[in-house]
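Please find below some comments on the model under review.

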Amino acid sequence: MNRHLIKLVIVVAFLSVLSISFSKEATAPSKLAPPEYLQWQEQVEAFLQDKPYVLPAYDPDLGPIAFVNNESSPARLSFELYRSESYSLGKEAPKSRTLHDFYFAFSWDQKGGELSDSELLERFTGLGATTQPNRKKVDETTSVIHDLILEYREDHLKIYQSLNEETQEQNKDLQKAILALLKEKAIKNAQVEIVNLERKTNLYFHFIIRDQLVNIQLAVTKHASTDTTEELQHYLGDLHKLIESP
């Protein structure tokens with residue numbers, strides 16, 4: 001094969017690889033928020049005004065979001081976010097929504113308190129007021145509520161999960177990641193419920209900040225991994241705003 005032909009083959013091969021590379025970059029989601037998202041974000045922030053709130057960071061893999069306002073008054077705020085066909089802001093959830101479309105929920109109340117053992121028992125089991133909680137102390141950091149719920153605490157940071165060895169092992173790294181994030185964000189009073197489902201793990205955060213109540217609900221991947229901290233940062237990265245807001 002002559003030299004000119006060899007050079008031609010190399011150039012064609014190089015251009016082919018370069019074309020494939022460009023093609024991959026073109027199909028990969030952009031990390032930059034599109035104009036539609038930025039416009040939606042401005043509308044949401046204008047609606048929320050100066051109330052305390054947290055919004056998840058932009059996710060290029062998520063797609064459009066529907067903001068659903070449940071309540072907004074001088075003393076209270078409540079909203080939910082759903083995956084949607086288009087960016088929107090309103091008082092009703094998308095009509096075609098499913099359980100899988102739920103993305104994030106936030107609520108704030110000027111007055112609030114910690115969840116009681118009875119409330120925790122109801123939330124975890126649905127047994128209602130007919131069942132009285134029976135708290136047993138295991139050690140300085142651990143208690144059991146009615147032989148059903150395990151409570152782990154570090155000062156006023158408390159994490160609750162089902163009293164099940166399999167879920168406890170599954171949640172071990174997740175629990176560490178949650179506690180580390182709360183400490184990093186200077187959250188001093190929190191109750192966190194970990195509810196394990198088949199494909200994901202639901203998290204319910206109950207904060208008391210300057211005698212005000214903040215609730216946040218979200219879901220992370222089922223098994224904690226190196227991505228868990230990134231997921232928590234994605235959803236709760238703005239927690240410092242609640243501490244700093246007047």
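1. Buried here means under 20% relative accessible area. The model is a predicted one, and the comments that follow should be read with that in mind.

2. In helix H6, which spans residues 228-236, the buried positions are Thr228, Glu231, Leu232, His234, Tyr235 and Leu236. These residues lie on the same side of H6, because they cover an arc of only 165 degrees around the axis. An α-helix has 3.6 residues a turn, so residues three or four places apart point the same way.

3. The partners of this buried side of H6 include both strands and helices: strands E4 (102-109), E10 (200-209) and E11 (212-221), together with helices H5 (172-184) and H7 (239-244).

4. Helix H3 (residues 117-125) has Asp117, Leu120 and Leu121 buried. Viewed down the axis of H3, these fall within an arc of 100 degrees and so line one face of the helix. Packed against the buried residues of H3 are strands E5 (135-137), E6 (142-145), E7 (149-154), E8 (157-162) and E9 (190-196).

5. The lining of the largest cavity consists of Tyr37, Trp40, Leu55, Pro56, Ala57, Tyr58, Asp59, Leu62, Ile65, Leu81 and Tyr103. By class, this lining comprises 10 nonpolar residues, no polar ones and one charged residue.

Note on methods:
Residues numbered from 1 in each chain as written. Predicted model: local features only at pLDDT ≥ 70, side-chain atom pairs only at ≥ 80, totals over all residues. Heavy atoms only, no water. Buried < 20%, exposed > 50% of the residue type's maximum accessible area, 1.4 Å probe, protein only. Helix = DSSP H or I, 4+ residues; strand = E, 2+ residues; numbered from the N terminus. Arc of directions from axis to C-beta. Contact = heavy atoms within 4.5 Å. 1 Å grid on protein atoms, 1.4 Å probe; cavity = no way out; pocket = protein on both sides within 12 Å on 5 of 7 lines; lining within 4 Å. Nonpolar A, V, L, I, M, F, W, Y, C, P; charged D, E, K, R; others polar.
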